[in-house]
Amino acid sequence: MQPVQLSLLPDQVPALPPDLLAQLPPSQVSAAITLLARLIAQAATSAGMQVGDE
């Protein structure tokens with residue numbers, strides 16, 4: 001294997017995705033955020049953590 005100069009490699013930063021959140025109906029965004037918060041709280045509880053512990 002031959003060494004490669006990093007400065008010669010093309011930029012690997014992908015283009016920014018379109019603002020998908022702005023394209024969704026607000027009620028669906030709210031429902032998704034609520035569901036995600038519940039899942040995080042359940043995972044924390046099952047791991048023996050209490051909400052607010054750090």
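Me: How are helices defined here, and where is Val 29 found?
Reply: Helices are DSSP runs of H or I with at least four residues, strands are runs of E with at least two, and both are numbered from the N terminus. Val 29 is found in helix H2. This is a predicted model: local features need pLDDT of at least 70, side-chain atom pairs count only at pLDDT 80 or more, and totals for chains, interfaces and linings use all residues. Residues are numbered from 1 along each chain as its sequence is written, and side-chain values use heavy atoms, without hydrogens and water.

Me: How many helices and strands does the protein have?
Reply: It has 2 helices and 0 strands.

Me: Is Val 29 buried or exposed?
Reply: Buried means under 20% relative accessible area, exposed over 50%, partly exposed in between (1.4 Å probe, protein chains only). Val 29 has 15%, so it is buried. Of the 54 residues of the protein, 4% count as buried.

Me: Which residues does Val 29 touch?
Reply: Contact means heavy atoms within 4.5 Å. Leaving out residues up to four places away in sequence, Val 29 touches Leu 21 and Leu 24.

Me: Is Ser 46 buried or exposed?
Reply: Ser 46 is in helix H2. Its relative accessibility is 66%, so it counts as exposed.
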